[in-house]
Amino acid sequence: MIKKVALYDFDNTVAKGDSIVKLLIDNITKHPLHIFKFFKVGIIYILYLCHLSTFEKAKSALLFPLNDMDEQQLELFYNDKIVPTYYPNVVETMQQYHDNGYIVILCTASSEAWMKYNQLPIDKLIGTKTKPHSSEIIGKNCKNQHKIDLIKEYLDSINVQIDYDNSYAYSDSDSDIPMLSLVKNRKRVLLKTGQIVDFIPKKQS
């Protein structure tokens, strides 16, 4: 069946800032000696830049706080550090779409380890997957073309095709152009204010 869909990125789209950065700041604040773990992160990122490692391994290294956090700590982190940074006007649009029968999908590169604690008015969360209580990424990072693959996989599982002309997508970044291409109505969320405007690729603006 054909249905209207609303697609959302998360970092700097629904919430201001990068949730991984917030995770790292929160962890280093509580465990100052963990700052030394960035040496390992740096080495693995150099290997990635030299094409000797994958991006997923580099990101897994960066997600090191997950190795020491239980579910209660993850939920507390999300509610204390992420929820207060929501753009209220963007969340309001999500609620409106949800109330009007759209399928609302939140698709983010952030880890489902903490994103699963969101209480946003969505029908589906799609994020980067990690092993339980581990920073190790399962599969691919949820970004660029892989977002399209995962969105289509979910919609196929519920036998839905996107009503292209009447569906919407929101992002702050040109990196989400692949996801935005799934719908006709594309919106950019401005970083500083959360203002919603029509999405024009920056190279064309």
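The following questions and answers concern a predicted model of one chain.

Q: Why is the chain called as compact as a globular protein of its length?
A: The secondary structure comprises 8 helices and 9 strands. For 205 residues the globule rule gives 17 Å, and the radius of gyration of the chain is 17 Å, close to that value, so the description applies. Along the principal axes, the C-alpha trace spans about 50 × 35 × 35 Å.

Q: What makes a residue of the chain count as buried, and what percentage of the 205 residues do so?
A: The criterion is a relative accessible area under 20%. By that criterion, 48% of the 205 residues are buried. The chain exposes about 10,900 Å², of which carbon and sulfur atoms supply 56%.

Q: What makes a set of residues a nonpolar core, and which residues touch the most other members in the largest one?
A: The members must be buried residues of nonpolar type joined through side-chain atoms within 4.5 Å. The largest such set has 41 residues, and Tyr8, Phe10, Val14, Leu106, Trp114 and Leu120 touch the most other members. Among the elements that each supply at least two residues of this core are strand E2 (5–8), helix H1 (19–30) and strand E3 (103–111). Apart from this core lies another of 19 residues, including Ile105, Val160, Leu182 and Phe199.

Q: How do you know which residues Leu106 is in contact with, leaving aside its neighbours within four places in sequence?
A: A contact requires heavy atoms within 4.5 Å. With those neighbours set aside, the partners of Leu106 include Tyr8, Phe10, Val14, Met94, Met115 and Leu120.

Notes
Residues numbered from 1 in each chain as written. Predicted model: local features only at pLDDT ≥ 70, side-chain atom pairs only at ≥ 80, totals over all residues. Heavy atoms only, no water. Helix = DSSP H or I, 4+ residues; strand = E, 2+ residues; numbered from the N terminus. Rg over C-alpha atoms; globule rule 2.2 N^0.38 Å. Buried < 20%, exposed > 50% of the residue type's maximum accessible area, 1.4 Å probe, protein only. Areas by Shrake-Rupley, 256 points an atom, 1.4 Å probe, with all protein chains shown as cover.
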